[in-house]
Each structure stands twice: as C-alpha cells, then as structure tokens.
Amino acid sequence: MKKTILTGIRPTGRLHLGHYFGASKNWVALQYDYDSYFEIADVQALTDNFDNPEKVRTNVREIAIDLLAIGIDPEKSTIFIQSMIPEIAELTIYYSNLVTMARLYRNPTIKTEIAQKKALFGNDGESVTYGFVGYPVSQAADITAFKGDLVPVGEDQLPLIEQCREIVRKFNSIYGETLKEPESYLSETKRIKGLDGNDKMGKSLGNAIYLRDSEDEIKKKIMGAITDPNKIKKDDKADPSVCMVYYYHKLINSDNLDTICKECKEGQRGCVQCKKELIESMNKFLSPIKERAKYYEENPEVVDKILIEGSKRAREVAKETLKDVKKAIKIDYE
Ligand code: ATP
Ligand code: MG
C-alpha cells in the first residue's frame, strides 16, 4: 500500500519561488510514490482574510493553475478545496477540546504571524481572533482527515505539524487508537528568503517573485533586490553571502555560479551587471512554467472541473475518518 501525503497552500496569492523551492517542487516529485492530496486551504486563508473574500475566491483558481503548471498531475494526485470538505470543520470542533489556549499562543509560527499582522491584529495582538489562533487545530483536521503519513512543508510550518502530532496523541490516548500521527517532510532548501533579505519570502510580506510574474515585473523586482550594503562603488569587493542577487543565482542554479561568486568577492563585478544576468536566468527558468500555465489560463473551466472532482474524491476519504472519530468519541448515534 502506498503511503499518503497531504499538504496545503493558502489561496492568498499565487505561488512564488519560496513555495516552489521550499515545498512544491518536492510535491511534484513525491506524487509518483505516494497517494497525494493537495489542499487549497480557503478556510484557513479566511482566518486572516475574512474581510477580503474576493481575494481568497480569486486565488483558489490561481493556485490551482500554478500547481498544474509546476507539474502536479490531476490524474495522479487529488487537488481539492478545503471548504468543500465540511468534515474537516467538524473534526476541528472535536480536536479543539484537546488544545489549550496557552499552547496555541506559545506556538512559534502563530506568534510570528500575529506579530507580522499588526494592521489586522493590533500592535500586541490584542485584536487577534479566535479563528486565527485556532488555525493549527483546523490544520490538524486537514492532515488527519486524509490519514496523512507525510506532510511536505516549508520550515515555517514545522511547529504546526508538531501541534498536530500532539493533538493526535492526545486524541488516541483518551479515545483509543484512531488517528494517524503524521511526520513532516522538509525539502533541502528549507526556507527561501525574500527580495528584501527577510528570512522568509511570503505572499503576505510583499517580497516575493511569483512563478508567473511577467518579464517586466521580474526586472523591476530584481533591480530592487537587496545587495551587500557595504558595496558602494562598482569595483568594491563584496560579500555574496549577504546579497540576495547571489542568493537567487544559486537558487535557480544560474550558469557560471563560481565565476559570479569569485568576481563579486574580488570587486570585478558590478551589481547592475549581476542583476541583469539574474533577470535573464530567471526568465529562462520560469518560462516553461508560464508556458504550461497558459493552457489553464485560457481554459478555466478545465481547472474548475479538476477542483470539483478532486474535492468529491477527497470528501469520501474525510467522511470515513469522521465516522471513526465520532465512534471513538461515542457520538455515533446512527
Ligand atoms: P501567507 O503569507 O498567506 O501565509 P505563504 O507565502 O506563507 O502565504 P502558504 O500558503 O502559507 O504561503 O505556504 C504554503 C507552503 O509553502 C507551506 O508548506 C510553506 O511552508 C511553504 N512556504 C511558503 N513560503 C516559503 C518560503 N519562503 N520558504 C520555504 N517554504 C515556504
Ligand atoms: Mg504561510
């Protein structure tokens, strides 16, 4: 029997390089060896975008197009929409009894995200909602609903997987062995930095290169990327390890990496030249993805059909899990 992977992406924007190298490149490779479920987490996206449903709605299809364009094969994998599986919401309610508020507030991912969302949740997080603080519980429901063995995610998600494992252990210890404890699966490049040098490239951080960015957008973004601040003149020696331009050259494996590094260190390479070369490599790297996306952009009804059918398939699996859970909690009245 094949093992199962379950992973998710929030429809808050399109896929960017952080997603690709931090997580989704792995998803494409894994789909051949695992039963694979890819959740477009619209319910989770609403926890911090409840005031902007249009954004979430639009991005459900955009994310699906991105997933198909990078090579997720709908014949092999199930791509589905979270809100179309109400069983997940029901599981969330039962799991919510097994987690303390203190534990949720202590979760490093939640802490960081509350701090990043001052406009929404206030300076000290005083306006943070019940739904947002609780999203790790809902994520535990996502994973366990599909009996996920492996959850391939970026590094920022690890505390959430740990939280899920705790919920599973607590559930099983109180109600008997019912749920499967998942493991996280990290890609080689755990966390991809943003154009501004931020530790994480993120949709909500405004520092991302999107897989379907136009050549103009790519040019503008790379020209504005952070380089070694100590390099002022073209022939100053610089440190490539603090330069985002070198960082992306490495990430997409540009030609002549060694030369780029050496010339930068020895002051033989200007940043403008280096950026121009990166723009060229980036366009070369992204163009096959954009080419594949074109078909789905022109045929949105194909995308919608894949999502509806995937969601139907996924729902059947989640129904089984919910049945087991209700039996374990002794609320199986029929
Ligand atoms: P948001 O800001 O709305 O949370 P996001 O950019 O963090 O968006 P998610 O949908 O939350 O994207 O994440 C989808 C997956 O991509 C997760 O597994 C996450 O860990 C991974 N991921 C996102 N950004 C990065 C990054 N910069 N480096 C590595 N992995 C990432
Ligand atoms: Mg995120």
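Here is the chat about this structure.

Me: Before we start, what kind of model is this, and how are things numbered?
Reply: It's a predicted model, where local features need pLDDT of at least 70, side-chain atom pairs count only at pLDDT 80 or more, and totals for chains, interfaces and linings use all residues. Residues are numbered from 1 along each chain as its sequence is written, chains are lettered from A and ligands numbered from 1 in the order written, and side-chain values use heavy atoms, with hydrogens and water left out.

Me: How much area do domain 1 and domain 2 bury between them?
Reply: About 910 Å², with 75% of it on carbon and sulfur atoms. Buried area is the accessible area (1.4 Å probe) that two parts lose on being put together, summed over both. On the domain 1 side, Leu17, Ala69 and Lys193 supply 54% of what that domain buries against domain 2.

Me: How many salt bridges cross that interface?
Reply: Zero, by the rule used: a side-chain nitrogen of Lys or Arg within 4 Å of a carboxyl oxygen of Asp or Glu.

Me: And in the whole structure?
Reply: The search finds 23 salt bridges. One of them joins Arg14 and Glu62, with the closest N and O atoms 3.2 Å apart. Arg14 lies in the loop between β1 (4-9) and α1, and Glu62 in helix α3, so the pair ties together parts 48 residues apart in sequence. Helices (H or I, at least four residues) and strands (E, at least two) are DSSP runs, numbered from the N terminus.

Me: Is Glu62 buried or exposed?
Reply: Glu62 is buried, at 16% relative accessibility, while Arg14 is partly exposed at 29%. Buried means under 20% relative accessible area, exposed over 50%, partly exposed in between (1.4 Å probe, protein chains only).

Me: Which residues are networked with Arg14 and Glu62?
Reply: Asp66, Arg212 and Glu297 are linked with them in a network of salt bridges.

Me: New topic: what does Lys180 pair with?
Reply: Asp149, in a salt bridge of 3.1 Å, N to O. The two sit in separate loops, Asp149 between α9 (135-145) and β4 (150-153), Lys180 between α10 (158-175) and β5 (183-186), 31 residues apart. Asp149 is buried at 15%, and Lys180 is partly exposed at 37%.
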